Amino acid sequence: MEFQRTIIWVVFGMSLILLWDRWQVTQGHSAFFFPSATTGASKAPVSAPTANVAPNPGAVVAAPGAQNTAVPGADATPAATSAPAELVQVQTDLLRVDFDAQGAVLMRAELLQQNVSADWTASGLAGFVSGSRPGPVEHVVLFDRSATREYLAQSGLIGGADSTSLPNHRSTRFEVLPGPRALSEGQQELSVRFEAQSGGVLLRKIFVFKRGRYDIEVRHEVENVGNEPVSPSLYLQLTRDNGKTEGESRFYKTYTGPAAYTDAEHYRKISFDDIAKNDAPQIKPADNGWLAMVQHYFLSAWIPAAGAQREFYTRAISDRLFSVGAILPLGSLAPGAKTLRQAVLYAGPQDQTALEALAPGLDRVADYGWLDPIAKPLFWLLGFLYHIVGNWGWAIVILTILIKGAFYPLAAAGFKSMARMKEVAPRLAKLKEKYGDDKQKLQVAMMELYKQEKINPLGGCLPILVQIPVFIALYWVLLGSVEMRNAPWILWIHDLASPDPWFVLPALMMLTSWIQYTLQPTPPDPVQAKMMMIMPFVFGVMFFFFPSGLVLYYVLNNGLSILQQWRINKVIAGSKPKG
């Protein structure tokens, strides 16, 4: 009978998982188990023409003397676009980028040192059963203009006689000046120049690429070549659709969307949904700060030079396409006058050390939420250990041991309480038989037994609760740190940010969770006891698709907890009087 009940509970647990899977489908996500050939709403083609829509003119404050601050194309109905006016490809040791001469728009950025494999989470258990393995390695692509992604970096001028009179990303064809397009061996810097003239204003865009750097120095040189004064403003804009990132897990969620920072308002995420509902937070004008598009492990960001006044804006271009940008007034330019605005365009991984050096607060894109004060020191310690041992996997092992050691006194108190509860479990069972359904008398008898044996029923919970924030913070550190990507550990673990290809660590996770369950006192409630028994298997299924670095941490944490609990159980059992 007990075996049959166990089977029933297992079936019940799997039914809940399958119901959850069906609910995911109703929300527009792909099915986790046995997904169909179509990939859901996130794969719906993005209308390419909408990429040429520019910032919302209502968000722009006119510079003194400006004739018109409306950004070209903001109110226009998008027209169909064809292939790029002229494709300009640039390559460094880290980046391969494509520019469209129409607007000098950065329309594709391939990260040559960041690899991505086929998505195991999309293939699910069907892929495991069929024995399929991830496909060939490809590079991560950040900016992209394709049937499934619209993600661009744009800039231009506003403030002319009409919305399209000054050089801009929508209606202006830029000329690319002659020069090298690839960083040769030994060369440290490469400049690519675009220029266009319109409305009496000449705009030069100079992109400076540097060896070993994901940040691109961008110079906008503006010259009044007309006969009348002009008061233009420069806009820097990132445009992206709200589709999900390739390979995004269905078991954990990370933030994808715009973000901004100023010294006064600090780091702020601005969700696509809030922009669509016209409920996005307004960032006050400042002479500092940056704007970004954030996704798991990677980001793009415009960082105007410090001291330049800027206004931030957001805009819903369509139901799936959004932009975030900054407007920098250039002041009044007399005929023949020139001005220069410098900025940095970053497109790469969330390397916190590099980002912190680029701009204040930029490292905050590696966001750990309200646990940030705990997570940041843990990340620092993890990096320190990495520099000692030279392997992120072993750094995780050492960090887990250090944390378990630091919390050993608290854990020991909890384990001792649970060990005593396990000792009196048979007596609790007899009390339940004695009092049957009389819950009031049973509760009184149980409290009397706890008092007699000097047991605090909550003694095993309180020490664990104190540790929970630290372990959750470490969870987010391991989940969100780009340093884990493509980082090997030992043997078959070649990427700590990808699931274990042979499912060894998840299997060990389930095994150690089951052993932990057997060492803990059995709950007096049979239903609760059955649920506790199947939880290692129900939750273990999810760990088959978690990053292996995260599963390694949990396996080791479970193993150390088992050793501690076993040792304490032995000590308590040995201290009991014999005979």
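A: Let's start with a term: two strands count as paired if DSSP finds at least two bridges between them. Keep in mind that this is a predicted model. In general, strands of a sheet pair through backbone hydrogen bonds, either parallel or antiparallel.

Now for the strands themselves. Strand β15 (residues 298-304) and strand β18 (residues 338-349) run antiparallel, and 7 bridges join them.

Zoom out a bit, and you'll find both strands in an open sheet of 9 strands with antiparallel pairing. Reading across, the order goes β7-β8-β9-β10-β18-β15-β14-β12-β13. At the edges stand β7 (175-176) and β13 (266-269), and each has a single partner strand, so one side of each has no neighbour in the sheet.

Next, have a look at strand β3 (residues 105-116). Strand β2 (residues 95-100) runs antiparallel to β3, and 6 bridges join the two. Here F99 stands opposite L106 in β3. The hairpin of β2 and β3 has 4 residues between the strands, and in it G103 takes a positive phi near 90°.

β3 also pairs with strand β4 (residues 138-141), again in the antiparallel sense, over 4 bridges. In that pairing, N115 has H139 in β4 as its bridge partner. So where do the side chains go? In a regular strand they alternate between the two faces of the sheet.

Note on methods:
Residues are numbered from 1 along each chain as its sequence is written. This is a predicted model: local features need pLDDT of at least 70, side-chain atom pairs count only at pLDDT 80 or more; totals for chains, interfaces and linings use all residues. Side-chain values use heavy atoms; hydrogens and water are left out.
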